[in-house]
Amino acid sequence: MTLLGAAEIRALAEKLDLKPAKALGQNFVIDANVCRKIVRTAGVTAGDVALEIGPGLGSLTLALMEEATSVIAVEIDSRLANQLPITAALHSDRSEILTVINQDALQVKSLPGEPTVLVANLPYNVSVPVFLHLLEILPTLRSGVVMVQAEVADRLAAKPNTKEYGIPSVKAAWWADVSGAGSVSRSIFWPAPNVDSKLVGFKRRATPGNETLRKEVFTIIDLAFAQRRKMLRAALSSRYGGSAAAEAHLIAAGIDPTLRGESLDIHGFCKIAQQGLES
Ligand code: SAM
């Protein structure tokens, strides 16, 4: 298998008359070694069904096809989605293992196959909603590595009581253990983005509860971080009918009402939600 480098990426873009669209986060990786390293970091092995979101011109896709049993790639841009099987056939003698789906990843409800590992250079403007959506709808995804904007990576992997900790960190923690997996130089992209990038790894674990609890937990998380500086009794007052009632609710749940959302981990939010569902 030959992977794509800078020359191949430019030639493909020229062939398609493609001007990379900022709105779609189109920054393509032009370094084959980085692609192989990402696939290694994700621990993709034979037997894996790999899911890639936003395959673009195929840099990472081809590296995934070297290791996985099959690859499902979801690409919103039809020009790229149409070209990808052609590129795969030119570069791989196993091109039949690739399934390309021309769809917005946020609209995906199910896939032809059961992906076990997610490996993606995510479109930066929708990286968090896409990541959370996939964890929600694809229970077979057990682990993965995604490349995102550096600040977003820090937020996804943040722990309580840090300035990066917020809605993405605590919602991702419902589904998985998330941790930083290294930085990536701007020079490996064409065009070079004007933000830094990092890798984030995740491993799914049992969720703390069922869907009813998750929906309530996510509502509480949104309220708790809507006004970051507010104590929980004020931030959750609309949910529980005033701040005195919210204070009573929090005490009953075993949570100090003067805390702020930023100091609670996912289990703390679960206690608050559980109390709401029980009473
Ligand atoms: N994986 C390729 C690489 O590493 O060179 C391209 C990554 S580029 C950062 C993001 C890709 O996601 C683009 O190909 C873009 O067209 C695609 N994309 C943007 N929004 C999307 C969405 N909502 N669903 C699926 N693909 C999307």
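Modeller: Happy to. UniProt, in an unreviewed entry, places the feature "domain: Ribosomal RNA adenine methylase transferase N-terminal" at residues 34-206; UniProt positions are given in the numbering used here, feature names are shortened, and annotations may be inferred rather than shown by experiment. This is a predicted model, where local features need pLDDT of at least 70 and side-chain atom pairs count only at pLDDT 80 or more, while totals for chains, interfaces and linings use all residues. Residues are numbered from 1 along each chain as its sequence is written, and side-chain values use heavy atoms, leaving out hydrogens and water.

The domain assignment, whose bounds come from an automatic or database source, gives domain 1 (6-204) and domain 2 (211-278). Their C-alpha centres lie 34 Å apart, and 13 residues of domain 1 are in contact (heavy atoms within 4.5 Å) with 17 residues of domain 2.

Now for a helix pair. Helix H1 (residues 6-16) packs with helix H4 (residues 78-91) at an angle of about 125°, their axes 11 Å apart. Axes here are lines fitted to C-alpha atoms, for helices over the stretch in contact, and angles run from 0 to 180 degrees between N-to-C directions. H1 and H4 are therefore oblique to each other: under 35 degrees counts as roughly parallel, over 145 as roughly antiparallel, 65 to 115 as roughly perpendicular and the rest as oblique. On the H1 side, Leu12, Lys15 and Leu16 meet Arg79, Leu80, Gln83 and Thr87 of H4.

Note on methods. Helices (H or I, at least four residues) and strands (E, at least two) are DSSP runs, numbered from the N terminus.
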